[in-house]
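Hi,

Here is the structure I promised to pass on. Have a look at it first, and then read on for what turned up.

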Amino acid sequence: MTPSQAPPSPATLAERRPDFDVVIIGGGVNGAGVARDAALRGLRVALIERNDLAFGASGNSSGMIHGGVRYLTYDPSVTKSSCLDSGYIQQIAPHLLFRIPFLYPVAAGATGKAMLSLLDGFFEAYDAYQPLKRGKPHTRLSPEELRRLEPGLQMQVVGGVSFDEWGIDGSRLVVANAMDAEAHGARVMVHTTVERVLRREGTGEVLGVETRELISGHRERLTARAVLNATGAWSPLTAMLSGLPRERAAVRGGKGIHIVYDRRLTNYAIVASTIDGREVFLEPWQNMTVLGTTDDDYYGDLDDVRATADEVRYLEQAITRVFPAIRTARAIGTYAGVRPSLHAWGPIEDKLSREHEVIDHTKHGARGLFSLVGGKLASYRLFAQEATDQLMRFLGATGACSTHTRPLPGGDRQVAPFVLAARAGIDAVAARRLVYRHGAVADVVSERIAKRPQEARVVCPCEPVTEAEIRHVIEREHADTVADVARRTRLGLGACGGYRCALRCGQLVAELRDLPPRAGLSQALCFLEQQAARRAVALGPVQARQEALSLASLRAESGLGQREGEGA
Amino acid sequence: MKRVAVLGAGVAGVAAAWAAQRDGAHVVVYDGGPGASRLTSGALDARWSADEPPLSMTDELRVFIDALSGFVLPERRCLVATSAGLLRSALGADASLLNLTPLAGKTVAVALTQRHDLDAHSLARGLSHEPDAQRRALRFIPVSVDVLRFEDERSLPSIDLAARHDDEARLRWLAARITDVRRIEPFDALLLGPWLGATRPRAPWLSSLAGLPVGELLSGPGAAAGRRLSMALSALRASMHIETVQAQASAQEDPDGGWRVNADEHAARFDALILATGGLASGGIVFERPLPDDVAIAPPRFVMTALDDATLLGTSPTPGSPSPAMQPLTWSAREPGLLDRVGVLHQRGQVLDARGRARRGLFVAGDAALGVSRTWLAAASSGLEAGRAAAR
């Protein structure tokens, strides 16, 4: 429909067969998870995301499918469902998971011994759930054993325990779900905002949504039998688009930040406690190290959540007491997200439930509208299953969930990185990283290279990312901007801050999206400036030097800052 | 004869040494290794932002650029193609870069080769779309020109391929290939990757052999243009017989007046000292972050290596004002930020103390100087100013 056409009135809309069975608003892990589940069960699905897939909490988490050990004491059901689902995710996307063994050192002191015994018992209880996710049981460690495992540990300890978790790239998980939904007939729309949820006058029943593409400005009306609000921390705002008061889909947004270091500083994740007694950790994650996290009520702009220097210092202060080498480590960035925790008045942030809930807004007079609130990355699949079950009941459809057994794209078989490296003519590290991100779909990228050998060129040397992969995610994974490519490939998120690859990536985006080359340049600059602002809060001596270097070379290459007209 | 020490052998340091020696001083340059000058792309720019003072293209600056050799400074601004598929202008350029300004209405071939560092199709498309190209009716087409002579050159680092073109026989061979291709597919000029010479620009000679303009794209850091500038700087130093010490050096004010410079156990006394040690990128200025233990009180600060406490260093152009907090320490590619404002406080190259008074015999140039623009030309210009002042 062109924007100039008069939209049909809601009355006429209702006469026709709706375009979709369900419109899902929100391209995070829950929205994409429901889209996949519903599409696999034969529903006609549209998934609409205002920014990019995994833009919010899903792409900015600690990157773990952990068993929810934090919740063991006050919410053991979360622990169990997390462990069970972690096991399923390993089966459907084995390529995306990597083991992260944890060390939990206990400081020497008056209560040290008692604390260690308590911890030992606690993790013994956790061991009961470990088999669900192929986890190893915990071990009680002496101070000597601890130091042998991690020589960087510098505090006076009475001992500690080890336990086992799994790491994951949250953005890849979301993209894999959305792409599988698309492969099963779902329509995926990114950089598209829902302006309004349409409801029938009188009955209040949901009729569909009105959307606007943020890049082109194109408006559209999609009719649907049900609308699902899966917008995480944005949920109250989405409820308002439907004409409901924000309290109907209330969440208590908890901001969590992470600091990223340039390499794997340790082989084990290390737990430390903060000045206010919270537990934080330093984890080796993919080819870098991540330090997290905070949990604070958040009231700011959800589209621009940033770590502050104070939050960075708070985390570094905690980890310094255990692992002093962090002081000289090179922080290359920060990221932040807002958890959509279930709303409660009273408890402090850490004590909020991580349970999830599907709200049927029929009771609020909006039949056909559902909201997903709460949840966590590790239990997204279960949450999606529950939500889809409810949708099926509402729509009177039948079909069983198969998301725990059917592999996600790329998870169906293993690809050997060395074989792929030899075939595509790329180095083994690049091939290994490619296989990590795409699983068996890496073969598709490798076939591109066979057809056009120049696509073997490594555009981002830090990660590394080949040109073929960039073209693949732009053409096949809905990446519309340099930042979208970064989310899907980790391009530009490494030590150099993107200055070696952002311009070329912008050039490729412009070429494939048929934009003028200048648009690619401004996208690249926008990405670089955003990343710089995120690094600035964690700036250290080495990174300050790198910043100045990036800036100098970027200006030298592009001539930025010359006055308009000087080019004429 | 006045004795002048220059710490730093980048553009600013060599310009300062050159100017001081021309004004009759005895100069020693301390070369502590490569710095930001190595990052040059080959373009000569006046300034990065409109709120910097305009650079005056003095006769002295022209003579210095001439003395360096290997650069062109035409009357009309140069227009060069970048490896990101954009056109950008500059006051002048390394002589191996292809200047598109005189090529209005012409067809420029972009070399289609077996190498992965130049995507001719993508570049030709991007460059043809540029407003500056359309205004001048410049057309870019990918043309298969086999510049590679040996199998290993497909994946050879571009700087090594550039070095192979330092060989005259190789250039003759390349010129013959270009002539062959033009018989089949006509074009008016040829754009290649950053491959034309590692010691000095080879494009002018290649162009005269091939009978048409041939030149490089402007590429990012690590490209041959940065290397050629380093070579030109050492060549100029050698031709002027300027004494050079290859070592990291530190300097202290001598109680008997003047400055004492220590490098590798050798100490020497000088009447004047010029700091051309570079900024953050070159390590001339170091950023210190507060330790997490005492985070609540310590603001981050910038310190300058090789300087004592008496000299005011800071991020603020006003003497005595406090350091900014960490939060706004971000840069913008378009506007100068606080990272650009770091350096030694000075007035026309003469270092000032905390009260704004001139410090005897101490001068600063290039990125080490506070609040000056950081283009190559601006660094050279500030070097000339400091060199002259030090020799006085």
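Before the results, one term: a polar contact here is a pair of N or O atoms within 3.5 Å, where, within protein, one atom must be able to donate a hydrogen and the other to accept it, and residues adjacent in sequence count only if both atoms are side-chain atoms. Please keep in mind that this is a predicted model. By that rule, 12 residue pairs are in polar contact across the interface of chain A and chain B, both partners being at pLDDT 80 or more.

Which elements of chain A give two or more residues to the side that touches chain B? They are α8 (309-320), α13 (467-476), α15 (502-512), α16 (517-536) and α17 (541-558). The most comes from α17(A), with 14 residues. By residue class, this side of chain A holds 31 nonpolar, 13 polar and 19 charged residues.

As for the interface as a whole, 63 residues of chain A and 58 residues of chain B take part in the contact. About 5300 Å² is buried between the two chains, with carbon and sulfur atoms giving 54% of that area. There are also 5 salt bridges between chain A and chain B. A:R504 forms a salt bridge with B:D119, with 3.0 Å between the closest N and O atoms.

Now to chain B by itself. Its secondary structure comprises 9 helices and 23 strands. Chain B has 392 residues, and 56% of them count as buried. Among its contacts with a separation of 6 or more, 67% join residues 24 or more positions apart.

Best wishes

Terms used:
Residues numbered from 1 in each chain as written. Chains lettered and ligands numbered in written order. Predicted model: local features only at pLDDT ≥ 70, side-chain atom pairs only at ≥ 80, totals over all residues. Heavy atoms only, no water. Contact = heavy atoms within 4.5 Å. Buried area = accessible area lost by both parts, 1.4 Å probe. Salt bridge = Lys/Arg side-chain N within 4 Å of Asp/Glu carboxyl O. Helix = DSSP H or I, 4+ residues; strand = E, 2+ residues; numbered from the N terminus. Nonpolar A, V, L, I, M, F, W, Y, C, P; charged D, E, K, R; others polar. Buried < 20%, exposed > 50% of the residue type's maximum accessible area, 1.4 Å probe, protein only.
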